[in-house]
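Visitor: I would like to learn how to read a protein model feature by feature. Could we take the general idea of each feature and then its case here?

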Amino acid sequence: MRRILEIAGCTLIDGTGRAPVPDATLRVVDGRIAAVWRNGERPADQQGPAEQVVQARGKTVIPGLIDAHCHISYGEGKTAEEVDIYGGPEWAAVRAVWNAQKVLQSGVTSFCDPGSTWNVAVSCRDAINNGMFDGPRIFAAGRHICADGGFADYFPSWLGMPVSAEGVLCPTRDEMRQEVRRQVKNRVDLVKISGDSQAQDTRLDAGPCFSDDELSCIVDTAHALGRKVTIHSRYAKTVAAAARAGVDWVIHASYMDPADIGLLLDRQVPICATMTYTANIVQHGRDVGVDPNYIEVKKRELDALVEVHRKAIEAGVPMMAGSEAGFAVTPYGQWHAREIELMVELLGMKPLDAITAGTFNNAKAFGWEQEVGSLQPGRWADLLVLDGDPLADIRMLSDRKRIAAVYKGGELVPRADSLPTRRRMGHERSLAVSSIPLNR
């Protein structure tokens with residue numbers, strides 16, 4: 001027997017960028033959208049009764065949010081050592097599926113994990129898809145592919161890169177190619193490159209940690225095996241090299257050269273800014289003990305990002321939305337929609353365009369646009385029912401009380417009044433004696 005759900009009388013924002021549809025009815029059959037109509041104009045082939053009818057007059061229905069940058073394996077770590085070393089794979093995996101429920105309850109029905117410690121993101125994805133735990137749909141990467149002196153190469157040479165780390169060192173083209181194949185064997189959806197070099201932090205003339213040939217090797221190998229590729233790329237030369245190599249999207253692009261906007265536009269390479277992590281440090285860092293020097297670094301980055309991204313948006317470069325949830329400054333379940341708010345507040349995007357970035361654009365980048373990201377026939381019925389109009393107040397997407405309901409695959413997601421909490425364990429964090437010196 002087919003299960004039929006109808007949500008009737010709502011204002012519908014379908015995620016594609018089209019104008020809202022008033023007095024709309026959305027019909028869901030066996031978890032997928034069967035039809036959408038307005039003003040009671042029910043299609044002839046949708047005449048049968050629904051098992052459940054939800055009256056949503058005065059409410060807005062939008063696609064479930066998609067967070068293009070959520071590190072489910074990081075466990076809200078405060079330091080790189082916490083993220084990369086402590087806890088172990090077993091604990092990290094259990095913790096990840098527990099945290100995934102908070103992400104889903106916040107209205108995020110899908111997310112991309114662009115870089116995981118161990119292979120936790122893949123395991124979390126599979127456990128959810130297998131029906132073992134509730135959680136969003138996950139587009140999962142493995143460890144960042146990194147070169148010596150690259151962004152994710154945090155540890156001293158004598159120690160090397162721990163097998164638990166978010167990055168994996170690949171000094172030669174053969175090792176890069178082998179690592180891509182290994183990750184594909186281990187069932188990743190996405191290959192993540194850690195593209196920036198540490199030299200770029202202080203020298204404007206420095207380039208990425210990979211040559212053009214090396215980037216092409218990674219991208220071509222992944223694409224040949226049917227996987228997408230993204231790259232951590234704050235600096236201008238990394239962004240340009242990544243676009244030339246054919247990555248599927250770039251992350252950050254904070255210091256992108258405006259002269260390269262045309263390169264991204266011509267190749268239709270989207271940008272995923274992930275401003276939330278940076279903005280939270282700038283706006284709230286002093287309240288949570290962030291080093292004042294780091295706050296200033298992130299303020300300069302945010303200012304540069306806003307300036308160049310406004311130009312990219314004006315030119316028509318596709319934009320994605322990702323929060324970088326998973327750190328102590330971006331806890332799970334709380335900050336995912338903040339990225340969409342910042343697109344409006346800082347980048348000057350219209351609320352409808354920002355919602356499109358956080359739904360359809362993300363799905364399209366993953367290759368999922370026929371499955372999720374918009375409320376069109378044939379797609380999974382992943383959606384939010386909102387008390388009010390997000391085009392009038394985009395902040396409601398972050399207000400748990402104004403999200404009346406979350407559906408994934410046409411099933412109502414059980415939601416507690418508040419997010420679940422847990423006690424942090426001693427084995428999952430480094431020992432911090434103090435954050436500043438105790439001077440006499």
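Visitor: Does Arg395 count as buried, partly exposed or exposed, and at what relative accessibility?

Guide: Before that, please keep in mind that this is a predicted model, in which local features need pLDDT of at least 70 and side-chain atom pairs count only at pLDDT 80 or more, while totals for chains, interfaces and linings use all residues. Residues are numbered from 1 along each chain as its sequence is written, and side-chain values use heavy atoms, with hydrogens and water left out. A residue is called buried under 20% relative accessible area, exposed over 50%, and partly exposed in between, using a 1.4 Å probe and protein chains only. Arg395 has a relative accessibility of 53% and therefore counts as exposed.

Visitor: With which residue does Arg395 form a salt bridge?

Guide: A salt bridge is a side-chain nitrogen of Lys or Arg within 4 Å of a carboxyl oxygen of Asp or Glu. The partner of Arg395 is Asp393, with the closest N and O atoms 3.1 Å apart, and Asp393 is buried, at a relative accessible area of 19%. The structure holds 27 salt bridges. Another of them links the side chains of Arg422 and Glu428 at 2.8 Å, N to O; here Arg422 is partly exposed at 30%, whereas Glu428 is buried at 1%. Salt bridges that share partners also join Arg125, Asp126, Arg187 and Asp189 into one network.

Visitor: How are Lys299 and Asp303 placed in helix 9?

Guide: An α-helix has 3.6 residues a turn, so residues three or four places apart point the same way. Helices (H or I, at least four residues) and strands (E, at least two) are DSSP runs, numbered from the N terminus. Lys299 and Asp303 are four residues apart in helix 9 (residues 292–315), and are therefore separated by about one helical turn. They form a salt bridge whose closest N and O atoms are 3.2 Å apart; Lys299 is partly exposed at 39%, as is Asp303 at 43%.

Visitor: Which elements do the buried residues of helix 5 pack against?

Guide: Contact means heavy atoms within 4.5 Å. Helix 5 (residues 212–224) has buried residues including Leu215, Ile218 and Val219, and its buried residues pack against strand 9 (144–146), helix 4 (173–185), strand 11 (190–194), strand 12 (228–235) and helix 6 (236–245). After helix 5 comes Gly226, with a positive phi near 80°.

Visitor: In what order do the three strands of the open sheet lie?

Guide: Strands of a sheet pair through backbone hydrogen bonds, either parallel or antiparallel. Two strands are taken to pair if DSSP finds at least two bridges between them. In this open sheet the order is 6-7-8 and the pairing is parallel. Strand 6 (65–67) and strand 8 (137–140) stand at the edges with a single partner strand each, so one side of each has no neighbour in the sheet. Three bridges join strand 6 to strand 7 (residues 108–113), and Ile66 has Ser110 as its bridge partner in strand 7.

Visitor: Which residues touch the most other members of the largest nonpolar core?

Guide: A nonpolar core is a set of buried Ala, Val, Leu, Ile, Met, Phe, Trp, Tyr and Cys residues joined through side-chain atoms within 4.5 Å. The largest one has 91 residues, and those touching the most other members are Ile72, Phe210, Val250, Met256, Leu264, Ile271 and Met343. A second, separate core has 16 residues, among them Val28, Ala56, Leu375 and Leu383.
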